[in-house]
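Me: I would like to learn how to read the features of a model. Please take me through them one by one.

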Amino acid sequence: MLVLLPPLPLHWAEKVISELKAYTTFTQPDGGRRWHFCLRECGGENGGPYVASREVTAPRRLRRRQTRSPCRRGAMVKAVVADEARIKAFEESVASSGAPRSQVGLVVGKLSASSDRALVYSLLPTPPTDAGEPACSLRAAAPSVGKAKSKGGGKGGAASSSDAPPTLQFDVDWVAEHARQVSRMLLGGMSVIGIYIWASEGSFKATSPAVLSQAIRVVSQAVPWYDFDERLLIHLSYSPRRWACRICEMASGSLRPCDFKFSKLLTSLQTFRCTYNFETRLNIVQAEPFRKVMSKAISHLTKEVQNAKALVDGILLSDDMTITSESSHKIDFLVPFKTNFPAGECSLEGVAGLLVFAGSVSALAYLGPKESITEAISDLKADIIASLRSRLDIILDDDEADDDSTTNDAENSPSQKATQVIFHELREPYSFSFPRRILIPWLAGSYICDYLQQSETTKDALERCKEVISLETDLEDSSILEPEAAAASATLESFWDVVPGASSRARAEPSPIDGPSEQANSSRRAQGSSFSILGALFVLLVALLVGYMFAFSANSKT
């Protein structure tokens with residue numbers, strides 16, 4: 001849940017912060033994974049939050065989006081290990097299905113930071129574009145004038161050009177968008193680490209290496225949080241039938257061959273789970289847009305998660321820890337208590353309000369064979385942050401889709417969209433919920449995830465998985481896990497009402513509709529307070545008289 005609190009006069013800011021910290025609570029009712037955000041009830045005039053709720057009229061689908069530059073670190077891959085059962089079954093499926101003579105898709109796996117090998121779990125074909133065109137196609141080789149003259153005639157030149165194999169061409173933006181959508185559905189320990197190409201040996205060799213490396217580079221930019229400077233290019237040749245793998249250096253764009261072998265990977269994965277509860281507060285600067293505010297909050301939370309200590313099945317993580325059990329492992333993160341706001345957050349200059357970002361994230365990560373436990377913890381932490389970023393992207397994507405739609409009825413809606421909130425104009429709390437994560441069965445007991453808006457169901461998620469992940473199995477609703485329950489409703493009074501003696505709105509004159517009722521309530525409150533004062537004075541007077549009588553009787557006896 002996100003709560004945006006309205007601006008305050010500067011001389012009240014410090015009181016507000018202390019009051020908010022004193023009366024803000026975060027609970028998990030009934031031991032579940034739901035979360036609440038509550039403020040002290042202060043009896044505002046028109047109680048209740050201003051909640052943004054909009055109906056999603058169409059499911060989120062694959063569409064083009066501008067990519068971003070990735071953050072990378074060094075890695076040197078020398079060997080690639082692929083899951084034998086999954087990859088060979090995929091090859092037989094493509095070969096027997098009458099697929100086109102060329103196909104492009106994504107490689108899902110992991111580039112290990114602790115070893116020099118890459119793990120390949122699955123290959124996912126990129127679906128056709130909105131126009132129904134394939135993302136990869138063949139283009140006939142252009143005739144060469146020099147070769148035609150050297151052959152001694154037009155007929156010989158024409159024959160030589162027709163014998164040249166066609167080259168591959170890609171819709172790189174569409175493949176990159178597919179990578180962005182897939183990476184959003186993958187859990188910790190899995191990511192998009194490259195592309196594969198299904199084509200003949202002649203067409204693959206006829207395609208310029210610059211074209212191949214450019215396609216890989218654009219795909220890597222669509223997954224900016226996976227920070228390795230190498231990607232995989234796997235070639236599945238159907239004429240002749242063979243496999244080949246190359247490593248693409250992102251900096252130079254060069255392609256170098258590497259060893260490629262098969263093994264059992266998916267059945268040997270270990271699972272690590274955790275539920276991370278968080279709550280962070282940040283000042284909102286007046287000129288900051290919604291995206292920047294939320295990105296700053298997630299970045300602030302990233303530092304907290306990275307510095308957290310981990311308990312593995314109740315035992316504090318150590319460098320020499322080993323795990324022999326193959327069952328699922330429970331992880332708990334220990335975060336230091338926050339006693340004060342960071343120095344940057346206590347600055348009052350230009351403050352338009354206060355951001356309270358709180359909730360619970362269900363995270364999951366997979367550990368491959370011969371990998372260390374510390375790497376699983378790092379993947380689990382990365383999954384927490386990636387999940388929050390994916391939810392923010394979904395909100396922004398849906399807002400862009402509404403802006404592009406001609407049927408946008410935001411002006412007629414009684415509630416504002418979160419991305420259009422003007423922080424410095426808020427005069428009461430504004431809250432909304434992020435999409436919640438669900439887990440969907442995928443390969444050999446592993447899961448993928450998706451995110452549901454308030455108006456969506458698991459059927460919407462399954463439709464997206466069929467399009468993006470090529471999920472073919474019909475799943476029952478009971479097999480889909482919902483570790484994050486829907487956000488519970490909370491009564492939020494105005495932020496100004498937290499400060500004693502303050503009010504969230506002007507009360508100089510009652511409104512024409514609520515005026516008589518408000519005046520009657522004020523009159524009753526005044527009468528009640530007068531009666532209380534008189535009663536207190538009467539009790540005080542009686543106490544003085546009784547004390548005087550006891551003192552007088554004691555003196556008379558002496």
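Reply: The 14 residues of α5 should span 20 Å at 1.5 Å a residue, and its end C-alpha atoms are 20 Å apart, which agrees. The expected span is 1.5 Å times one less than the number of residues. Helices (H or I, at least four residues) and strands (E, at least two) are DSSP runs, numbered from the N terminus.

Me: What should I know about the model itself?

Reply: This is a predicted model: local features need pLDDT of at least 70, side-chain atom pairs count only at pLDDT 80 or more, and totals for chains, interfaces and linings use all residues. Residues are numbered from 1 along each chain as its sequence is written, and side-chain values use heavy atoms, with hydrogens and water left out.

Me: How many helices and strands are there in the chain?

Reply: The chain has 11 helices and 20 strands. Of its 558 residues, 45% count as buried. Buried means under 20% relative accessible area, exposed over 50%, and partly exposed in between (1.4 Å probe, protein chains only).

Me: Back to α5. How many of its residues are buried?

Reply: Helix α5 is mostly covered, with 11 of its 14 residues buried. Among them are W174, V175, H178, R180, V182 and M185. The buried residues of α7 include L212, A215, I216, V218 and V219.

Me: How do I read a core?

Reply: In soluble globular proteins, nonpolar side chains tend to be buried together. A nonpolar core is a set of buried Ala, Val, Leu, Ile, Met, Phe, Trp, Tyr and Cys residues joined through side-chain atoms within 4.5 Å. Here the largest core has 58 residues. V182, I197, I440 and W442 have the most contacts inside it. Helix α5 (residues 172-185) gives the most to this core, with six residues. A second, separate core of 39 residues includes F333, F357, I385 and I395.

Me: Which residues does I440 touch?

Reply: Contact means heavy atoms within 4.5 Å. Leaving out residues up to four places away in sequence, I440 touches, among others, Y447, I448, L462, C465, L471 and I480. For the chain as a whole, take contacts with a separation of 6 or more: residues 24 or more positions apart account for 78% of them.

Me: How do I read an aromatic pair?

Reply: A pair of aromatic rings is described by the distance of the centres and the angle of the planes. Rings of Phe, Tyr and Trp (its six-membered ring) pair if their centres lie within 6.5 Å; planes under 30 degrees apart count as stacked, over 60 as edge-to-face and the rest as tilted. A search of the whole structure finds eight aromatic pairs. In one of these, F278 and F357 have ring centres 5.1 Å apart and planes at 65 degrees, so the pair is edge-to-face. It links distant parts of the chain: F278 is in strand β13 (residues 270-285) and F357 in strand β17 (residues 351-367), 79 residues apart.

Me: Are F278 and F357 buried or exposed?

Reply: F278 counts as buried, at 5% relative accessibility. F357 is buried too, with a relative accessible area of 1%.

Me: Which residues form a cluster with F262?

Reply: W243, F260 and F262 form one aromatic cluster. K88 lies over the face of F262, 5.0 Å from the ring centre. A charge sits over a ring if NZ of Lys or CZ of Arg is within 6 Å of the ring centre and within 35 degrees of the ring normal. D83, in strand β3 (residues 79-83), also touches F262. The two are 179 residues apart in sequence and 5.8 Å apart in space, C-alpha to C-alpha. D83 counts as buried, at 6% relative accessibility.

Me: How many disulfides does the structure hold?

Reply: A disulfide is a covalent bond between the sulfur atoms of two cysteines. It is called when a pair of cysteine sulfur atoms lies within 2.5 Å. The structure holds zero disulfides. The sulfur of C245 is 3.6 Å from the closest cysteine sulfur, in C258, too far for a bond. C245 is buried, with a relative accessible area of 4%. C258 counts as buried at 14%.
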